[in-house]
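Subject: Handover of a protein model

Dear colleague,

Please find below the structure that I am handing over to you. My findings follow it.

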Amino acid sequence: TEEFLARSGQAPIEVFYQTLYEQYCWPNTVSVNSSRIKKFTWYIETSEDPSRIAFTRMLTERLPLLEELEFHIDDDVDWLDHSLALHAPQLREVTILKGAWPFRRINGHNLREIRLEYAQICTEIFLDILRSNSRLESLALDQCEFKDEDEDDEANRQDIALLDRPPVKLP
């Protein structure tokens, strides 16, 4: 892997990480300069996966080339708590297939598509993200859970299920 990264020079790269059968390999992989990442896909089965530390750190760095971000966390997501400010001016697409919406704000105004399935979302923060991204064209929500920022009471959460419907296209 290091050889391929060296030969690629400063070309943009796509990163795909998936935990397979609880065999964590992230600590054994090479470090990638976040300023080169064009697409990042991250699937883990447990919050115990050691890659979560590197993933969270990467999301706090400047990601000038990042266009697509997708992740799936098949476990408790308390450690990813909508407190991150994402610095990705070229970001066009965010997909969360399971997990919490981790961003307090997205610094960049090219976001065109948000797709969330089985995601936990802080309502006010998410609405602020939508208001600040006037170029958004597609918003797909499926089985998402919206809550107030400081709400901990399960009984007060609102479940929104948009089943078997196409994504809503925004003007």
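Leu 116 touches Ile 96, Trp 101, Ile 121, Phe 126, Ala 140, Leu 141, Asp 142 and Cys 144, leaving aside residues up to four places away in sequence. Please bear in mind throughout that this is a predicted model.

Leu 116 belongs to the largest nonpolar core, which has 37 residues; together with Leu 69 and Trp 101, Leu 116 touches the most other members. The largest share of this core, four residues, is supplied by strand S2 (residues 37-44).

Overall composition

The protein contains three helices and twelve strands. Of its 171 residues, 40% count as buried. Where contacts link residues at least 6 apart in sequence, 58% of them join residues at least 24 apart.

How many of the eight residues of strand S5 (residues 93-100) are buried? Six of them are, so S5 is largely enclosed by the rest of the structure; a residue counts as buried when its relative accessible area is under 20%.

The pairings of S5 may be set out as follows:

- Strand S3 (residues 68-73) pairs with S5 in the parallel sense over five bridges. Here Glu 70 has Thr 95 of S5 as its bridge partner.
- S7 also pairs with S5 in the parallel sense, over four bridges. Ile 96 stands opposite Leu 116 of S7, and Ile 96 is also among the residues that Leu 116 touches.
- S8 runs parallel to S5 and is joined to it by two bridges. Gly 99 has Ala 119 in S8 as its bridge partner.

Backbone angles in two loops

Which residue in the loop between strand S7 (113-117) and strand S8 (119-122) deserves a note? Tyr 118 lies there, and its phi is positive, at about 55°, although Tyr 118 is not a glycine. With a relative accessible area of 45%, Tyr 118 is partly exposed, because this value falls between the cut-offs of 20% for buried and 50% for exposed.

Gln 143 is placed in the loop between strand S9 (138-142) and strand S10 (144-147). Gln 143 likewise is not a glycine and has a positive phi of about 55°. Its relative accessibility is 28%, so Gln 143 counts as partly exposed.

Gly 9 is found in the loop between helix H1 (2-7) and strand S1 (13-18). This glycine is partly exposed, its relative accessible area being 31%. How far apart in space are Gly 9 and Arg 36, C-alpha to C-alpha? The distance is 9.8 Å, while 27 residues separate Gly 9 and Arg 36 in sequence.

Confidence

The mean pLDDT of the protein is 77, and 73% of its residues reach 70 or more. Over residues 153-165, pLDDT stays under 50. For this stretch the model has 20 contacts beyond four places in sequence.

With kind regards

Conventions: Residues are numbered from 1 along each chain as its sequence is written. This is a predicted model: local features need pLDDT of at least 70, side-chain atom pairs count only at pLDDT 80 or more; totals for chains, interfaces and linings use all residues. Side-chain values use heavy atoms; hydrogens and water are left out. A nonpolar core is a set of buried Ala, Val, Leu, Ile, Met, Phe, Trp, Tyr and Cys residues joined through side-chain atoms within 4.5 Å. Buried means under 20% relative accessible area, exposed over 50%, partly exposed in between (1.4 Å probe, protein chains only). Contact means heavy atoms within 4.5 Å. pLDDT is the predictor's confidence in each residue, from 0 to 100. Two strands pair if DSSP finds at least two bridges between them.
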